[in-house]
Amino acid sequence: MSIDPARVAVLALHWQVNVVRPEGFFGGMLAEPVARSGVVARAAAFHAGARAGGVPVAFTRFTVPEGEGRLVRNSPFMAAVGAAQESFRPDAPGTRIVPEIGRHWRDPVFDNQRLSGLSGPITGWLVGAGYDTLMLTGVATNLTVEQTARHGTEMGYRVYVIGDCAAAADEAVHEASLANLALTTEGVLTAAEALAMLPKEFRPRERYRW
């Protein structure tokens, strides 16, 4: 099966210091399992392959601007972030995209204050460019990845989760989340399976839509 790469976007969710590095706010929970899984290198390779196939990669960051933006403290997760919001300011070290994920200078970055990466200005970018299919990578599988996947499906997008380009604090939780998403989205794919869906002859980089 192949898909039209002109209608696909990769969403790279929360590949930031606060999530995947030991010094980050969630580092005590996520840094070690993320490092052990090798997910960052796999996701970086997948992002590069998608770009080579003419598919744009857009990054999301969880940030809390002065005044809290759209942050709502309606869960323990959001309450914890709200209490430590200085660590999530847009210019704070913890909100930087980690360099090892290989962000290209043309990859846009969208900030949001919700678990779903689609709860922010990225939705306008997707609509304006005419994308109808999303491929998701990110950390954590059971948090931003699952929330974004369900949100995107409800919005009418065809959503694929790239299972080996996501990770959680616990492998059993990661697998359970993927099992749920296999039923509630277009499907869970490996990076190799997703890249195999792109036509090999499609390489027009001018089709990137920024």
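Helices (H or I, at least four residues) and strands (E, at least two) are DSSP runs, numbered from the N terminus. The model is predicted: local features need pLDDT of at least 70, side-chain atom pairs count only at pLDDT 80 or more, and totals for chains, interfaces and linings use all residues. Residues are numbered from 1 along each chain as its sequence is written, and side-chain values use heavy atoms, with hydrogens and water left out.

Helix α5 spans residues 122-129. Gly-130 follows α5 and has a positive phi, near 80°. The table sorts residues of α5 by accessibility, where buried means under 20% relative accessible area and exposed over 50%, with partly exposed in between (1.4 Å probe, protein chains only).

| Class in α5 | Residues |
|---|---|
| Buried | Ile-122, Trp-125, Leu-126, Ala-129 |
| Exposed, on the face turned away from the buried side | Val-127, Gly-128 |

Seen down the axis of α5, the buried residues fall within an arc of 95° (taken from the directions from the helix axis to the C-beta atoms), so they line one face of the helix. They pack against β1 (8-13), β2 (57-62), β3 and β4 (133-139), with contact meaning heavy atoms within 4.5 Å.

The sheet is open and has six strands in the order β3-β2-β1-β4-β5-β6, with parallel pairing; two strands pair if DSSP finds at least two bridges between them. β3 (109-112) and β6 (187-189) stand at the edges with a single partner strand each, so one side of each has no neighbour in the sheet. β5 (residues 158-167) pairs with β6 in the parallel sense over three bridges, and Val-161 stands opposite Val-188 in β6.
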